[in-house]
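These notebook entries record what I looked up in the structure shown below. I began with the relation of the protein copies to each other and then turned to the DNA.

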Number of protein chains: 2
Amino acid sequence: MTPTPLRDLFQNNLQGDQELPAKQKQVLKAALDLFAAQGFENTTTKQIATLANVSEGTVYKRFKTKDQLLTAVLKPIINDVTPQMASEFKQVLTKRQFDSISDLIITIGQDRLQFVFDNQKELRILLGEILKKTERVKEFSQLLTTSIIPAVYNQFDQLKAHHKLVDWDNERIFQYIVSIILSYVTQIVMFSAQLDLTQILSDTAEFFERGLAPIE
Amino acid sequence: MTPTPLRDLFQNNLQGDQELPAKQKQVLKAALDLFAAQGFENTTTKQIATLANVSEGTVYKRFKTKDQLLTAVLKPIINDVTPQMASEFKQVLTKRQFDSISDLIITIGQDRLQFVFDNQKELRILLGEILKKTERVKEFSQLLTTSIIPAVYNQFDQLKAHHKLVDWDNERIFQYIVSIILSYVTQIVMFSAQLDLTQILSDTAEFFERGLAPIE
DNA sequence: AAAATTAGTGAGTGACGACTCACTTAAACT
DNA sequence: AGTTTAAGTGAGTCGTCACTCACTAATTTT
C-alpha cells in the first residue's frame, strides 16, 4: 500500500474533473515552482507567464486571481491528498495488528516519509502559508485528530495490553514519535536533505523500542 | 544563569550603541508586532507608521529601506543574542560535569525553552525569513556547530565513559534530543502554546533516560 | 541668543504588480 | 461552410506601496 503521489492527481483532476489545456498545466507547474522557490508574494504573475511560455492574459483565463492560483496549486494536497492519506493511513492501522512499537514506526514512517519526499515543493509552500495563517493548521490537525489519532491510540492500547509498550499517556507517546519523524520531515522539506530513509527508520525504531519499553 | 532576555537588548543598543529617540523605538516595536502578525511583505510602511503614531517620513528617517527595518528588528537575535546564547550555553556545558543525561536535558532545556518563550514574536519572524532564504540557516547552524556542538559532544563522551549513556553516534543522540525539544519550541512559537515547561522537561528526561540508557 | 544639527512631517512621485479587455486564433458543433 | 464557444494574446489601466523631499519643530552646540 504505497501512498498516492501528488503528481498523479495533478495530471488528472485539478479543476474539478475537467481536463486542463496544456498551457494551463504549464501555468500551474510554473506557479508551483516559483511559489516554492521564492514564496507566494515574491512571485509576480508576469514571472509565472514567462516561465510557462504564455501571455499574462492566459494566466488569468482560468484562474481569476493570483490567490485562486495558489489555491489551485495547494488544492490537491488539501482537498484530495489529505483525506486520501488519512484514509489510507487509517486502513493500514485498522487492518493490521502491529506486534511491536518498532514495527508500527517502520511501517507508518516508511509510508509517510516517502510521501513527504515526493511532495517537497508543495509542502514547502504549504508550510509558508501555514506560518501566515495559523488557523489553517487547525483544520489540518482537526483532520488528523478525528481520523487518524483514534486508530493510532487504539494500536497503542493493544500494545499496552500485550505488555509491549510502556503505560504512559497516549498523547505523550504520540508526541515523542511525531517529534522525531517530523524533524526528519523538516530536513527534507527545508533543505532537500538526501536521507537514507530505511536506515533512519530502523535507528529510530531501535531508539523507541528502548525508550518506550514497558516497565518490568 | 538565566538567559539574557531580548527585551533588554532592545532597550539599549539596537543601532550600534547610539540611543534611539522614543518615536524610533515605537517604529521598531510596531514593525516587530506587524511583521510577526502578518509577515514581512504583507506589512506596509504606512501600517507601521500608523501603529507607531508617527508619520511615514519618520519611519524612513533612521531606516533607509524597509529591509533595513527588518534587519534592525532581527539584529538583536542574530548579532547579539545568538553569540551570547552560544557562550552562555557553552559556559554551562564546560563548567559543570553532568552526572546523567536527564540532568543535562533538564538544565539546558529549562534555559532554552524559557528563552523561546520570552522571544516568540522575533523567532516567528525569523522562522518565516528562514523559510524564504535557506542560506540564513547555514550561518545560524554554523554558529551552533562551531561553538555548542563540541561542548555537548564532550559531555556525551564523558557520560559514555562513565557508562551512563548508550554508545551511539553523538550526532544520533543529539538529533533525538533536539527533535523533541524543538517540537515543543514549535508549539510555543507557532501557537503560543501555554505549556508547563517543568513538567515537559521532567517527562522528556525520563523518556531519554530509558531510551538512551547504556546497554547492559 | 544665534547657528547648526537632528527629529519629525506628510503630500507627492515613480515603479511595479495584479488584473482587464478588445481582439485574434483555433477548435467544436450543426 | 458557417456559427458558436473556448483558448490565447499583450498593450493598457488602476491602485498600492516603497521611498523622497522641501519644509517645520525641537534640541544641541558654541
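I note here that the model is predicted.

**Contact between chain B and chain A**

I next asked how many residues each chain brings to the contact. Chain B gives 34 residues and chain A gives 34 residues. The copies meet through the same surface, because 100% of the interface residues of chain B are also interface residues in chain A.

For the extent of this interface, I recorded that chain B and chain A bury about 3,000 Å² between them, with 59% of it on carbon and sulfur atoms. On the side of chain B, the residues that lose the most area to chain A are B:L131, B:F207 and B:R210, which together make up 25% of what that side buries.

I then turned to polar pairs. Between chain B and chain A, 20 residue pairs are in polar contact. The rule finds two salt bridges across the interface, and I noted one between the side chains of A:E206 and B:R172, at 2.7 Å from N to O.

Which elements of chain B supply at least two residues each to the side that touches chain A? I listed helix 7 (120-132), helix 8 (134-161), helix 9 (170-191) and helix 10 (197-211). Helix 9 of chain B gives the most, with 10 residues. By class, I recorded 17 nonpolar, 10 polar and seven charged residues on this side of chain B.

**Surroundings of DNA strand D**

I found 16 residues around DNA strand D, the closest being A:T58, A:K61, B:T45, B:Y60 and B:K66. Of the atoms of DNA strand D within 4 Å of the protein, 62% belong to sugar and phosphate.

A polar side-chain atom of A:T58 lies 2.4 Å from a phosphate oxygen of DNA strand D. A polar side-chain atom of A:K61, by contrast, lies 3.0 Å from a base oxygen.

Helix 4 of chain A provides the largest share of the surface near DNA strand D, four residues. By class, I counted three nonpolar, eight polar and five charged residues on that surface.

Note on methods. Residues are numbered from 1 along each chain as its sequence is written. Chains are lettered from A and ligands numbered from 1 in the order in which they are written. This is a predicted model: local features need pLDDT of at least 70, side-chain atom pairs count only at pLDDT 80 or more; totals for chains, interfaces and linings use all residues. Side-chain values use heavy atoms; hydrogens and water are left out. A residue is near a molecule or strand if one of its heavy atoms lies within 4 Å of it. A polar contact is a pair of N or O atoms within 3.5 Å; within protein, one must be able to donate a hydrogen and the other to accept it, and residues adjacent in sequence count only if both atoms are side-chain atoms. Ala, Val, Leu, Ile, Met, Phe, Trp, Tyr, Cys and Pro count as nonpolar, Asp, Glu, Lys and Arg as charged, and the others, Gly among them, as polar. Contact means heavy atoms within 4.5 Å. Buried area is the accessible area (1.4 Å probe) that two parts lose on being put together, summed over both. A salt bridge is a side-chain nitrogen of Lys or Arg within 4 Å of a carboxyl oxygen of Asp or Glu.
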